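Good morning. Please look at the sequence and the structure on the screen, and keep them in view while I talk.

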Amino acid sequence: MDCAKDAAEIERAARSAGVAEGDVKVSAATHVMTLRIAEDDLPKVRPALDATGYGFELIKSGDTSSDPAYKDPSYRRALWIVVLLNLGYGVIEMFGGFLSGSQALKADALDFLGDGAITFLGLLAIGWSLTWRARSAMIQGVFLGFLGLGVVGSTIWRVLNQTTPEAGLMGAFAVGALIVNILAVLPLLKHRKGDANMRAVWLFSRNDAIGNLAVVIAAGLVAWLGSAWPDLIVAFAIAGLFLHSSWMIIRDARSDLSETE
């Protein structure tokens, strides 16, 4: 769940096409890219942007999207599937985290719950103005920040009071998480080259599947080494992603709001 990384990737692509560093900005909050270049130069920059795999829409007037994909019922259904899978398995995995004593599972469960809540807010924000999308993103960023701090605090407590997780249960719930994330990715496949919001949801789900794989590997290392440290390290890594994304989203949301006032 690292939209900040995706925003940086797009900015690097624009700079590689000759755009000055101060003339390109991609908001991690509203997923809007601002280019300060002559309109005639846009065709020169577009190939580098398209190479990132994202879809782009030129906003000529107003501040709402006219992309008909937003009105596509299949896209909305895909988002609802993502919301239900994430929230549902988040609760299950949190139970698994307590049952197995795995901090990484608990952190991953919060990732599921956070993704579900954020995707739900994104679903509500479809077609909203940039101002309201920025306000929605601000809520998302604060929410992610609290999740990250909660994971850091509870993991530090675990470091001071170490118990080795039950590797078998940890691995089973982690594999389940990987399967659920794959199921969440499937309905998004046809939308993975849509606009930036669609692309972001697709990338979040794809990257989360990679994170689930990290928890599976950590479970294997716990079983092999008989140590809690692989579990704790993955938990800290997930918390770091929460806090990094939170900071970037809040920063960009504040900037977007100041520009629309």
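Predicted model: local features only at pLDDT ≥ 70, side-chain atom pairs only at ≥ 80, totals over all residues.

The chain has 261 residues, and 50% of them count as buried. It holds eight helices and two strands. Reading from the N terminus, the order of elements is α-β-β-α-α-α-α-α-α-α. Now consider contacts between residues at least 6 apart in sequence: 76% of these join residues at least 24 apart.

Next, the helices. Two packed helices are described by the angle between their axes and the distance between the axes.

Helix α3 covers residues 73–100, and helix α4 covers residues 103–124. Their axes are 7 Å apart, and the packing angle is about 160 degrees. Angles over 145 degrees count as roughly antiparallel, so α3 is roughly antiparallel to α4. The crossing of these two helices is left-handed. Sorted by class, the residues in the contact of α3 with α4 are 17 nonpolar, seven polar and five charged.

Now α3 with α6, which is the helix of residues 167–185. Here the angle is about 175 degrees and the axes lie 10 Å apart. That makes α3 roughly antiparallel to α6 as well. On the α3 side the contact includes V82, L85, Y89 and S100, and on the α6 side it includes L169, M170 and F173. The contact of α3 with α6 has 13 nonpolar residues, three polar and one charged.

That leaves α4 with α6. How are they oriented, parallel or antiparallel? The angle between them is about 20 degrees, with the axes 10 Å apart, and α4 and α6 are therefore roughly parallel to each other. Their crossing is left-handed. From α4, the residues in this contact are A104, L105, D108 and F112; from α6, they include L169, M170 and F173. By class there are nine nonpolar residues, one polar and one charged.

S100 lies in helix α3. Is S100 buried or exposed? Its relative accessible area is 5%, and buried means under 20%, so S100 is buried. The side chain of S100 reaches the backbone nitrogen of S102 at 3.4 Å. Setting aside neighbours within four places in sequence, S100 is in contact with L105, P165, E166, L169 and M170.

At 32% relative accessibility, L87 counts as partly exposed. Which residues does L87 touch, leaving aside its neighbours within four places in sequence? They are F112, L113, G116 and A117. L87 and D111 are 24 residues apart in sequence, and their C-alpha atoms are 9.6 Å apart in space.

Last, a residue from another helix. E9 sits in helix α1, residues 3–16. With 25% relative accessibility, E9 counts as partly exposed. E9 and V26 are 17 residues apart in sequence, and 9.4 Å apart in space from C-alpha to C-alpha.

Methods:
Residues numbered from 1 in each chain as written. Heavy atoms only, no water. Helix = DSSP H or I, 4+ residues; strand = E, 2+ residues; numbered from the N terminus. Buried < 20%, exposed > 50% of the residue type's maximum accessible area, 1.4 Å probe, protein only. Polar contact = N/O pair within 3.5 Å; in protein donor to acceptor, adjacent residues only side chain to side chain. Contact = heavy atoms within 4.5 Å. Axes fitted to C-alpha atoms, helices over the stretch in contact; angles between N-to-C directions. Parallel < 35°, antiparallel > 145°, perpendicular 65-115°, else oblique. Left-handed = near helix turned anticlockwise from the far one by under 90°. Nonpolar A, V, L, I, M, F, W, Y, C, P; charged D, E, K, R; others polar.
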